[in-house]
Amino acid sequence: MTPRWLFVNSIPITGQAIGKQTKVMTKTKSRISIKRLLKRALFGLTALGLLLFLVGYFGFRQSLPQLVGTIEGVGVGHSVTVTRDAEGVPTVKAVTRVDAAYVLGYLHAQERFFQMDLLRRAGAGELSELLGDGMLAVDRVRRRHRFRHRSDRSVKMFSGNEQAIATAYTAGVNDGLTALGRKPFEYTLLGTEPEAWTNSDSILVVYAMYFDLQDEDNYYEQNYSLLHDLMGEGFTDFLVPRGTAWDAPLDNSALPLPPIPAAALESPAATARDDTSLPPADEVVLGSNNWVVGGALTKTGAAIVANDMHLGLGVPNIWYRARLLVENSDTDITGVSLPGVPAIVVGSNTHIAWGFTNSQTDTQDIVYLDWIDETAGIYQTPDGPANTENITEVICSSSGECDDFQVRETIWGPLLEAPNHAGRAMVTRWIAHDEGAVNMHLMQMESARTVEEAFAIAHKAGSPAQNLVVGDKDGNIGYTLLGPLPARFGHSGLLPGSWAVGDRGWSGRLAPPNIPTSINPPQHRLWSANARMVSGEMLSNVGFGNYALAGRQHQIRQRLMALDSANEEDLLAIQLDDEALFLARWRIVMMDHFAGAKGSNVIAARHMIENWEGRAAPESVGYRLVRRFRSHVTQRVVSGLTKPLESVLGKRFPWYSRTAEGPVWRLINDRPGHLLPAGYEDWNAVLDAALDDVLQEVDENGGLKAFTWGAYTALAIHHPMSAFVPGLGLLTDPPHDQTPGEFGHMPRIGAGGYGASERMVVSPGHEENGFFHMPSGQTGHPLSPYFNKGHQNWVKGVKSPFLPGKTRWLLVFNPVD
């Protein structure tokens, strides 16, 4: 048989053709050799790639937590069992609370250590040490508050029991981290090592929540005072009203509306129409919803609590679900914990259930400093001259660069870097700086049996001030504020001022009976949603801290009052309510104003508005048109009214009040000519311009059919590392689902990277009937068997149980023999 290499063009080569074939054979051998080399190289590269993939994959898997088996010789005094359900929710069964704290710390570390690390660094202003130069600006702002120093002080104030629990938790965190087969994968990607946990770090995690939920340098008061100084009291009261027609406080009070200013401000800068001002921003208020109904409305006679806390969303979720069963204290508590802290934050202990919303009360003041000798750092106090304390904070980046950041402390707090517009030195007085601003008292909620016991704990707890609703198994309900608030004297807190004389300031922490409280009101219902809750003297006590516009709170109250009786499904339905009650009146304005408008685009848009679904539905074009129209009208009106400030500031005034809806709505209805923004011939022209803005957005986004609400608000939930590592998001980030709901004006909140971080409906003593939703699940590890489990229930509003489900994995912790 002729060897194959002797065939050329399928013709056998005979002996007579050998001479002619010599050159052909040489070329053929050369081509074959190159092909073989390429094949071998390709095979080698493929094998190497596969090997690297397998090494990476199995290395990646080594950073997964241990789910089953027995862990011997760890820091527990008695055996502890941990059962996990299909979504990874653990039930911890322990003899003592100290043992439960150790195991919870162990679980937190194995599932969430990188998240915990980010939180403590966010609280301390040390993010750049891990994430590089891009976080230096954030760290500089936060280092001013010296929370690393303050956390060390807080730890020294722990009671004996709190110290034991915190120390056990910290030991569990460090043992859990060490026991991983490989460090959490994020550190491998960053090329760094995780640092051990300390008790102070748990305090820093709570300080990180202060940064999230309160305004660290009090920009609200700075901007409010700027308006007041440059535009006058009357104009400021009108533009930044303390209430609107949407208000829905517990006492059903309405604050008087400020009069429309009788004259406009004049300025050389306010002569031409402003088409280049700030783009309209849809309001995002870090807040929440909660409400409770009393036993008089329920079939069981027990209260029912609903809570959904609105925060930035990520992978993993900020909360970690858990159930703790502690034998020697008869504790059975289920809810969410904050990784880094050994407490259950909200939940039910079978006797009471409770939930939080951010209170938006006034917890800060700007103090004007009266210099005696600014160069020497000497200023006036009620007790005479004092010197600023100059402290050097060293801020280092993972790049190796270090900066010395100077903090100048006064008796009232740190000096802000820039003076106000008039050159006055400003100090930020923040309740977060005070002793007791962070403590471990929230853990006592685990053993509270009544509404009154819960309130006694709340009034001494150290955390950002929250609206607290509580319901107990006997049907009692209550509302109060949890966390520290300042007890002011001599001033309202609305405007900055000098405290040098001693006629104004704080006299410590607000205490009962000066804290708002309501127990078992006649309507058997209580609610909150980050807006004003009280009036009169109690409102003076808690102050105005940039409350949310009350459209969401108004709708919740309306839904609750419509219930003749209530069960868990009824309250879940309110959490999922996406009806557009707030925008309905803007739809009417839009339809009426453009009834006779011409042009195919306007006619088509008007048809969408006429036939809108009346809900923030993903497929709705009409909802997005109306929502954006309102935003553009607001932007044009507020920017026009504040344009006179440009001549003083040299730039646009960069701030909108959350209650701007009130004055804007009054202006477009009353249409006072003297307040018409510059450059418009009448108020109809303002509305025309806002419509043009919307139609331009439509064109820029692919036309009307593509201009859906869901396209604008599609979920964008990311792992923090997916922005730095190309392709990682394909493994870690959930789909960009389009969901019902919006940013702030209805009960159902979820858009982009913001929304309900959990939904909870539970009746104490009847937890088996409760519901729970949580986006992005228990873990941030994409190889976990329960990665993103439960996320779609949150997206779609599917009823899912409050209590952990059937056991899928069993883990046992045994003490040292």
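**View A. Tyr368 meets its bridge partner, Ser498, in strand S22.** What you're looking at is a predicted model, where local features need pLDDT of at least 70, side-chain atom pairs count only at pLDDT 80 or more, and totals for chains, interfaces and linings use all residues. Residues are numbered from 1 along each chain as its sequence is written, and side-chain values use heavy atoms, with hydrogens and water left out. Helices (H or I, at least four residues) and strands (E, at least two) are DSSP runs, numbered from the N terminus. S22 covers residues 497-498 and runs parallel to S12, with two bridges joining them. Two strands count as paired here if DSSP finds at least two bridges between them.

**View B. The open sheet has three strands, in the order S18-S12-S22, and its pairing is mixed.** S18 and S22 take the edges with a single partner strand each, so one side of each is left without a neighbour in the sheet. On the S18 side (residues 426-430), the pairing with S12 is antiparallel and runs over five bridges.

**View C. Strand S12, residues 364-368, is mostly covered.** Five of its five residues are buried, where buried means under 20% relative accessible area, exposed means over 50% and partly exposed is in between (1.4 Å probe, protein chains only). In a regular strand the side chains alternate between the two faces of the sheet. Which residues of S12 are buried on one side, and which on the other? Gln364, Ile366 and Tyr368 are on one side, Asp365 and Val367 on the other, and both faces are covered.

**View D. Phe113 and Tyr187 make a tilted aromatic pair.** Rings of Phe, Tyr and Trp (its six-membered ring) pair if their centres lie within 6.5 Å; planes under 30 degrees apart count as stacked, over 60 as edge-to-face and the rest as tilted. By that rule, the count comes to 28 aromatic pairs. For Phe113 and Tyr187, it's 6.3 Å centre to centre, with 45° between the planes. Phe113 sits in helix H2 (residues 97-124) and Tyr187 in helix H7 (residues 185-190), so the pair ties together parts that are 74 residues apart in sequence. Are these two buried or exposed? Both Phe113 and Tyr187 are buried. Helix H2 also holds Leu118, which counts as buried because its relative accessibility is 16%.

**View E. Tyr210 and Trp430 form an edge-to-face pair because their planes are at 85°, with ring centres 6.1 Å apart.** The pair links distant parts of the chain, 220 residues apart, with Tyr210 in helix H8 (residues 199-213) and Trp430 in strand S18. Tyr210 and Trp430 are both buried.

**View F. Cys396 and Cys402 form a disulfide.** The structure holds one disulfide, meaning a pair of cysteine sulfur atoms within 2.5 Å. The sulfur atoms of Cys396 and Cys402 are 2.0 Å apart, and with 110° about the S-S bond, the link is right-handed. Cys396 is partly exposed at 22% relative accessibility, and Cys402 is partly exposed at 42%.

**View G. The largest cavity has a volume of about 390 Å³.** On a 1 Å grid over the protein atoms alone, a cavity is a set of points where a 1.4 Å probe fits but cannot get out; lining residues have an atom within 4 Å of a point. Grid points are joined across faces, edges and corners, and a volume is the space filled by probe spheres set on the points. The whole structure has 10 cavities of 30 Å³ or more. In the largest cavity, 29 residues make up the lining, and Val345, Phe356, Leu442, Ser463 and Pro464 lie nearest its centre. Elements giving two or more residues to that lining are H8, strand S7 (304-312) and strand S11 (352-358). Which element gives the largest share? That's H8, with five residues.

Definitions and conventions. On a 1 Å grid over the protein atoms alone, a cavity is a set of points where a 1.4 Å probe fits but cannot get out, and a pocket is an open set with protein on both sides within 12 Å along at least five of seven lines; lining residues have an atom within 4 Å of a point.
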